[in-house]
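Me: I would like to learn how to read the inside of a protein model. Could we go through it step by step?

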Amino acid sequence: MFLRIRKTWELPERDVTPEAFFYNRRRFMKSLIGAGVGIAATSLTGCQSRRNRSDNPTAGTVPLGDIPRNPNFAEVDRSLTPRDLATQYNNFYEFGGNKSIWRSAQALPTEDWKVEVTGLVKNPRTYDLDDLQRKFPIEERIYRFRCVEAWAMVVPWAGFPMRLLLKDVEPLSSAKYVRFQSYYDPDVTSGPGWRPYSMPWPYTEGLTIEEMANELAFFATGVYGRTLPKQNGAPIRMVIPWKYGFKGAKSIVKIEFLEQKPATFWNTLVPKEYGFVANVNPDKPHPRWSQAEERMVGRGPSFSWDVRPTLHYNGYGEYVAELYG
Ligand code: MTE
């Protein structure tokens, strides 16, 4: 997901350019040279994002109160990533091509949020957040999180298992795959200087029905005991802890049950580098870097972050290995 120059952990994050951004920027610069009108549009968007500027990465979130922690996911063998790091080091390409998008992500409009569930199900439904809260009791789970770019975190999510939603909508026997779609509106999802042209928007991801029914597959509506900050995918996102982080689509608006495998964002953009299955696997290098080790997101330059061996299925083999046997 970024242009590799040296080993991934040898560079501070600000020095790495996501590959898709690099190519799009070249295209964008070309289009500016070709059409002077583009410059006016850029500065207008710049003004808009300055208006949205906030200095609090958890602005707009509210405490969730006393939520039970699922005893099966109460801890992992690593310490929790501090909240201020997990909420200020993000990937959310709708809002920019670097890790510092939390300010521009504040433009995401989360009022009156609806999630449409459609396709091959007995009970198609459109849920609002109250419906979700009423139907699916919230619990806390501490999960490892592993990005395909080789950085990692430990995050306390709040939310509910995907299998509860499956039970509610009752997929038909013809449903084999599930497509998840993120919010997208090109008028609001553009950080300063960021023109995500030529990417296959909206952001989509996919799972098999069996993966979605797995005990670990989770919809998060909160993190660190509060509702989700916008940059982390408010108000509801996917968390699939045995897969690389890009499988966890943010700010979900639509869930569709299908017979055929759906196209997904990264697999469409760079098919040689990002597959559909995308299970964490230390033995399967990314075409441009090793996956044998990971860096725990920390303070200071990224090359000094705590480096650990990558775990098969991100340490969740006992729950998921049988899915791929
Ligand atoms: N969802 C959307 N809609 N857009 C994105 O760009 N990035 C993915 C995933 N979900 C992304 C997304 C990637 S690459 C990662 S690693 C995780 O979100 C990052 O989640 P975090 O920012 O909460 O750590």
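Me: Which strand gives the most to the lining of the largest cavity?

Reply: Rolling a probe the size of a water molecule over the atoms shows where empty space is left. A cavity is a set of points, on a 1 Å grid over the protein atoms alone, where a 1.4 Å probe fits but cannot get out, and lining residues have an atom within 4 Å of a point. Here strand β4 (residues 151–161) gives the most, with 4 residues, strands being DSSP runs of E with at least two residues and helices runs of H or I with at least four, numbered from the N terminus. This is a predicted model, in which local features need pLDDT of at least 70 and side-chain atom pairs 80 or more, while totals for linings use all residues. Residues are numbered from 1 along each chain, and side-chain values use heavy atoms, without hydrogens and water.

Me: How are aromatic pairs described, and how many are there?

Reply: A pair of aromatic rings is described by the distance of the centres and the angle of the planes. Rings of Phe, Tyr and Trp (its six-membered ring) pair if their centres lie within 6.5 Å, with planes under 30 degrees apart called stacked, over 60 edge-to-face and the rest tilted; by this rule there are 23 aromatic pairs. Among them, Tyr 93 and Trp 266 are edge-to-face, 5.1 Å centre to centre with 80 degrees between the planes. Because Tyr 93 lies in the loop between α3 (83–86) and β1 (114–119) and Trp 266 in helix α7 (residues 265–269), the pair ties together parts 173 residues apart in sequence.

Me: Is Tyr 93 buried or exposed?

Reply: Buried means under 20% relative accessible area, exposed over 50% and partly exposed in between (1.4 Å probe, protein chains only). Tyr 93, at 3%, counts as buried, and Trp 266 is buried at 2%.
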